[in-house]
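User: Hi! Could you walk me through how the sheet in this model is put together?

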Amino acid sequence: MASIFSIRSQFIYDKIINWFPGHMAKGLRVMSERLSNVDLIVEARDARIPLSSINHKFEQIAGRKDRIIVYNKADLADDSVQQPIIDAFKQYRNQHVIFTNANMDKNVKKIIDFAADKHKQDPSRYPFISVMVVGMPNVGKSSLINSMRRIGVRKGKAAKTGALPGVTRSVAVTSIKVLEDPPVYLVDTPGVMIPHLPDPESSLKVALTGGIRDHLSDEVVMADYLLWRLNNFGNFGYVENFKLSGPTDDINFLLPVISKRIGALQKYGEYDLKTAAIFFIKQYRNGKYGKYTLDDITVDSLNNYFVNENNPDKQVLLSKNQEKKLLWNKKREKRLERWKRQGY
């Protein structure tokens, strides 16, 4: 029998996740050194977390270089947020945004055409085009490169891909040709994480979409956050998948059910909750529960993001969940102060 169903008003999580291994720091340094030989930067991001997958380190590296923002894995995200994002980046940064699904080669030719246009505009200055592909871990950079190669030169895989973040660990020494006429070459780079994610929920979003190694954020916590988000979206597909009698907001109820259903049992028949959590998360990552964007994307939220991104002290409009979280934190601080005064 399922537990009594009521959705938590907020997801309480205060852990700060920092994952910035040595190869990422080295990759940033090498990118900066090689930038003088690059004509165009393609920055890949995850369409499911269009704001949380922005790495401001790339802003510093890119400087005045021409850049395309590519939101990959668009097949897993809400289609309705695409145009507001395109409009906002055009308005506030004058940047060109493309939404792609590299696994199906969708819209990838637009990237090749954008690069080729630089040659057409000034063939003497750009006899060939050198493109550097950057992005956070596991946003699909290598998949984009392989897709561009399939489309442009009809050849197979050139960059190694994988489900775990951090598959590419160094800046490629050689370039990968993706178009013959005009010649367009790509340079693959390692996924570089934001050195510090100050917002715990943003770090959970990045982890849930595969940008951070799962064990760093705790698979059970990620599964709990996923369950909470699905319930808030009104998506109860997990009820049918795991043959529940109804929806639940209790991960401690759901994981044993999943564990039993997939046969994830430990010694003496104990439930393997970690394996069950991983299975649940993997279903989400594979699109089993539909197309959702985890960031709050509205015209107001985008305007506030760009207006206030360099001015964190300036007041911004908050989502209802953020307002509840802020109120809860203030109440907690007051309680702690009161207990401290009372000598607890």
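This is a predicted model: local features need pLDDT of at least 70, side-chain atom pairs count only at pLDDT 80 or more; totals for chains, interfaces and linings use all residues.

User: Which residue in β6 does M132 stand opposite?

Analyst: Let's look at the pairing of β4 with β6, which is in the parallel sense over five bridges. In β6, the residue opposite M132 is V187.

User: Why is one side of β3 and of β5 left without a neighbour in the sheet?

Analyst: The open sheet has six strands in the order β3-β2-β1-β4-β6-β5, with mixed pairing. β3 (96–99) and β5 (176–179) stand at the edges, so each has a single partner strand.

User: What is the bridge partner of L179 in β6?

Analyst: β5 and β6 form a hairpin with four residues between them. They pair in the antiparallel sense over three bridges. In β6, the partner of L179 is V184.

User: Which helix packs on the sheet, touching β1, β2, β4, β5 and β6?

Analyst: One of the strands touched, β6 (184–188), is mostly covered, with four of its five residues buried. The helix in question spans residues 141–153, and its direction makes about 50° with that of β5. The helix packing there is α5.

Technical notes: Residues are numbered from 1 along each chain as its sequence is written. Side-chain values use heavy atoms; hydrogens and water are left out. Two strands pair if DSSP finds at least two bridges between them. Helices (H or I, at least four residues) and strands (E, at least two) are DSSP runs, numbered from the N terminus. Contact means heavy atoms within 4.5 Å. Axes are lines fitted to C-alpha atoms, for helices over the stretch in contact, and angles run from 0 to 180 degrees between N-to-C directions. Buried means under 20% relative accessible area, exposed over 50%, partly exposed in between (1.4 Å probe, protein chains only).
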